[in-house]
2 protein chains.
Amino acid sequence: MFTKFGVSNLTSLYRSGKPFATGAVIATIDESKFQQVSTLPHFDVEETEDSVIFTHKMAKGDVVYGLGESLGPLNKRGRIYRMYSTDDPEHTPDKKSLYGSHPFLIIDGVSTFGLLVDYPSEIIFDVGFTNKDILKITIPSHNFDFYIFETDDKQKIVEEYLQLTGKPYIPPKWAFGFQQSRWSYFSENEIRDVASKFRELSIPCDVIYTDIDYMERYKVFTTDKMRFPDYASMVKDLAKEGIKIVPIIDPGVRIEEGYPVYEEGKRNGYFCKGKDGKDYVAAVWPGLTHFPDFLNSDVRTWWGEKYKFFTDMGIRGIWNDMNEPAVFYTLDGVNRVVRTIEEFEKSDEEDKLDAVLNVRDAASNMAVKREDYKSFYHRLDDGTIVNHDDVHNLYGFYMTKAAADGLSKLLPGERYLLLSRSSYPGLHRMGTIWMGDNKSWWEHMLANIRMLQSLNMMGFFYTGADVGGFGSDASPELLIRWMELGAFTPYFRNHSALGTRPQELWQFDEETLNITRDIVRLRYAFLPYTYSEFMNAVETSTPFVMPLSFVFEDERTKDIEDQYMYGSSLMVAPVHEQNKKGRYVYLPESKWLNWIASKYEDREMKVYEPGDHYIKADLHEIPLFIKQNGMIVLTEPMNYVGERYVTELTVVGFVTGHAHYDYYDDDGTSLNYLKGEYANISIDIAKEGKGFKINLRKNDPNDILKIKKVRFEIYDDQGNIQISSKMI
Amino acid sequence: MFTKFGVSNLTSLYRSGKPFATGAVIATIDESKFQQVSTLPHFDVEETEDSVIFTHKMAKGDVVYGLGESLGPLNKRGRIYRMYSTDDPEHTPDKKSLYGSHPFLIIDGVSTFGLLVDYPSEIIFDVGFTNKDILKITIPSHNFDFYIFETDDKQKIVEEYLQLTGKPYIPPKWAFGFQQSRWSYFSENEIRDVASKFRELSIPCDVIYTDIDYMERYKVFTTDKMRFPDYASMVKDLAKEGIKIVPIIDPGVRIEEGYPVYEEGKRNGYFCKGKDGKDYVAAVWPGLTHFPDFLNSDVRTWWGEKYKFFTDMGIRGIWNDMNEPAVFYTLDGVNRVVRTIEEFEKSDEEDKLDAVLNVRDAASNMAVKREDYKSFYHRLDDGTIVNHDDVHNLYGFYMTKAAADGLSKLLPGERYLLLSRSSYPGLHRMGTIWMGDNKSWWEHMLANIRMLQSLNMMGFFYTGADVGGFGSDASPELLIRWMELGAFTPYFRNHSALGTRPQELWQFDEETLNITRDIVRLRYAFLPYTYSEFMNAVETSTPFVMPLSFVFEDERTKDIEDQYMYGSSLMVAPVHEQNKKGRYVYLPESKWLNWIASKYEDREMKVYEPGDHYIKADLHEIPLFIKQNGMIVLTEPMNYVGERYVTELTVVGFVTGHAHYDYYDDDGTSLNYLKGEYANISIDIAKEGKGFKINLRKNDPNDILKIKKVRFEIYDDQGNIQISSKMI
């Protein structure tokens, strides 16, 4: 039996029991109007003692989108996915969980609809794995909210979802620049060297990260005085070069007498409690730690204020990591291992094999035992005690909320970059995620392409993966190809792990440096388009990155997972396989203008007919396609966002009839756009005879734009170009 | 300084120091004629105290083939490979070693040549990973043989390689049938049920495997009397149904008083010795075991005779596993773990993290410590004592030699199926390998396609991977697509691991059963072509499976890794991605006749122009292409090879000018073909006007063929078909 609430014309909530109020949904639901129903559209429902099971019969051609940060194809059919936030650095095809839990689906087919299960613990989605044609959702609880979005229009489903959960987060404009990280740059000097190297080599860069080793013994909200004698000066000095420092922060607070964060948390009862009512102990980087109870608003307020440590230094970006929360071991876990060792010692000779394997299994599973998550507790604002496992997927969400609320108070009217590793629906309105600890595997480039699309459907418009791969060693070719992809993802960070091959652009050969520098410059040339499109996407609740099938009515696009729309006018088709000198591309519906891009300055374009094409793309080239009657907006690359005013734009358009484009800009750092402080240039281009008629209208009441001139490179469907310019 | 020997017009041996005589090469080398040289063609050579390093500058477009059983692309550029036979069941992109060691390369480009490093311990191939354009081979020794093959013709390089190492092994004809396995079928009854199920459901099948659990406590050359009360009768009964039983055999001999294999080995000193001169102890499935010293010919003779246990039951197939040799742990290894535990217990609170991680690391690396391989010894025929590590890659090779020599003596004049997991060059002349413990990952289907080509270059013509994947759970779609691929690999076995989803064709839905049954029937319909092509391939030392680039002079084919020639007339283009309803195919040089195959009976053909094509292929369909002026030879499917005489053949040809085909057949089970006891039908088809002129010549002095009629379905380049038949 469900209680049904109407949320909008298209969206209904089916409530089972008394769900935990996760905070994912912020739409107002009129709880006075409801009806009791025993069935749900699209699903058969089976209730067992412990769980509710939803099954939906899929038609042969139905495609299933969604699940945000998860492995496998863009079309989620054929696998099992488990919503249970997990820190697992081996993203092999077997893995069913990653860092985030995103129980949202779009079924696109004979009957099209969307769904969100708002339930913060384990949910299993068997999307045609056990039975090819059955979608089976198992919720091991009777208390949850199940939303259904009823429309044939996939973009509209996303819009409804965002109505429910909030508009996507908008970072500062500089967060669209290139970002560099390494676990770890071990000292202030190393950071300064990396920064200099970027400027010396004329590689644009906006952000450098300090990973865990900047802290004193991994104590959050500290800096190591030996290796980073003056972190604040470093921040200030690099700011002059246009480089922003973003520090990592973990949730685990080191147990250490006299350490203020520990002392305050302990004194105020801010930490999660164990079964014995004492502060729960789990080991992470700092050794033994306590976990702040982010589900409690007092704790969040306290924690949020802690970021003052950084904002006072001028820092405007925070990277919250390890907030699944990752656990290396608990004291219980250690005892489990020790017990298996004792069993080994007691075992007979012939049982030694099993006994040693038991040690190995216990030891290697030490970090991820669900029992550990079942052995600590949260205390909600109303005093209710909740077992962590029952709300597990919310920990990163509420750590993010603590940070976002804190930063908003510390930086009134300002924007900030805010990253989390773990996430839950709704986090996208407060900050964002990257795709976690991937590896330098070609397979993970493809995973990046697919997740980029799946995450955008869930409001994570500003996202990306660690370019070049975090774990494992990157080959120069992998780095180049991944940089080409990364240049066309909203979040563009090169990051690599301790012990792996250094991955900064200059760590390889001269050719690799030259190619990747050109790619980063290309990225910066695209910033006017990227930022304008991003802001328009948020405004209209349309994903910034979309699968082709969300835009084109063409059955074949449902098979295309490695090309995507990047903004409204550009399709990106990255080369993501080793040793390839080209790739196949499917062009839906109409003609496309192709740019085999490598350098901003080299803009050779070619018109392609719709259909299948083999496109050559040498190592330094990435295939880009401008949609018919679409345009992109470029500018001269800079060393960092805002280094100079943008005084000239170059519009490259592919116009066969009439093309309209709304160029958007604002100050890029404040929230003043919410008060209407932004500028637009409305561009209309119409084919007229052999040429084009171009019309520009500027709307800039607050004098934001410094643009003096707009250049036009407009192509017709024969590939003829007309170059012109207008002063504005 | 190298000693150079001429091996043939095209092949030279460069000998460094005094290499271990591996036995890989069987060609006669005139050691009286040599010259001392200080350089090698194609390579710069650097000698250090411990190693010799060869570097070759690759041109941008050079393609590197080879390395047999290894991960990564068919073009090996961009990765590091380590030759050191390894039992590692997680074939992730990081892994540098698999079960076999195959130090053979073909560099195809500006200068084309091949090479074989005959050295049986670790070799590192850095094929443009560290530096995009440098091939670097590091041999950590001064004693090795380095062969160079000097010709532009890749097929010729393979031929020279086979001149050196021997003609490929030929299995019995029934080994081209479908084979079923599971770790494990736990009882005679289960095996009988599986066999019945095949016959009941009319799924052709020739072989069923008994994995390790048929043995009594994993003691080799025993059967468990509880679960397999009468193994011999089972073998005999199933033989009547056309089903051959193939048992697994591991090298490790369980230490158990009174167990004859153990007692004999111990008494005669047949086991490898530890540093203390005692029989070396390592734990594998049976618990503590000794390893037979296969590098000694007395041991091989003894071991080879042991297979009599099986041949006496009528068994004609042996599956030698675990012969890297795999080691779960050694007593040293256990002590290492125990020591880390003790350290953990002694450690201070703040060092606990490191201490527990040490336990975990020690425990999880227990199975694969190189130190273990360095702590036991072989005794050669001349009494020389050799450290195992120095000859590590030969262990599986010499276990195979023991089995092959033994079986040849036990079964004079007969063929047998002989599988090994570990291998070294030259093993291909005695038996074969499958691709080891893969997983139910789509990525491993692609690995299968690539390795099939790389292994064929090294003489492993008869090979394949565990269809559906050994580890992990298969989805019905994965099984179907992989069965489609498997039907066009010489070795076609469905195998899956303990604890994974059962993978027999009837374990899924009705549709999956029906599709896969049709695929197996298609496989049996192709047997006349497959067997004839296979035998011709061995005869002419031309790989049975070849990359397109080995056949066509077309730069684009160097990029094509997921299509392959299967015999001389057929190109296979399997769908190997999830949820796809088709795939891209590149057709080199000339027109091709396409069969979107699903059922033997449904033969609809279509002519394609050369170039790029998107080819639709629904779940039940696999794209096949017949080469211009090529033909395939089919027959009615049977339940097992040899169930009935083949009395009718159907030739499907694509003839635009003149087509010639040599059909080969023999008794399929004996070695009499070596004495000339085989039959041929020479088929000539010439385009004449709108029709074709067909000419058949039978050569069958020993009355092997029972064929009465040959049907012809011949297509011209417009796709017009002419159907006819001839009695012969």
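Modeller: Domain bounds here come from an automatic or database domain assignment. This is a predicted model, where local features need pLDDT of at least 70, side-chain atom pairs count only at pLDDT 80 or more, and totals for chains, interfaces and linings use all residues. Residues are numbered from 1 along each chain as its sequence is written, while chains are lettered from A and ligands numbered from 1 in the order in which they are written.

Colleague: Which residues make up domain 3 of chain A?

Modeller: Domain 1 covers 2-165. Domain 2 is written in pieces, 173-250 + 293-324 + 392-526. That leaves domain 3 of chain A, at 530-727.

Colleague: How many residues of domain 3 of chain A are in contact with domain 1 of chain A?

Modeller: Two residues are in contact if their C-beta atoms, placed from the backbone, lie within 7 Å. Domain 1 of chain A brings nine residues. Domain 3 of chain A brings seven.

Colleague: Which helix of chain A gives the most to the side that touches chain B?

Modeller: In contact are 42 residues of chain A and 42 of chain B. Helices (H or I, at least four residues) and strands (E, at least two) are DSSP runs, numbered from the N terminus. Elements giving two or more residues to this side of chain A include helix 7 (331-346) and helix 8 (352-364). With seven residues, the most comes from helix 8.
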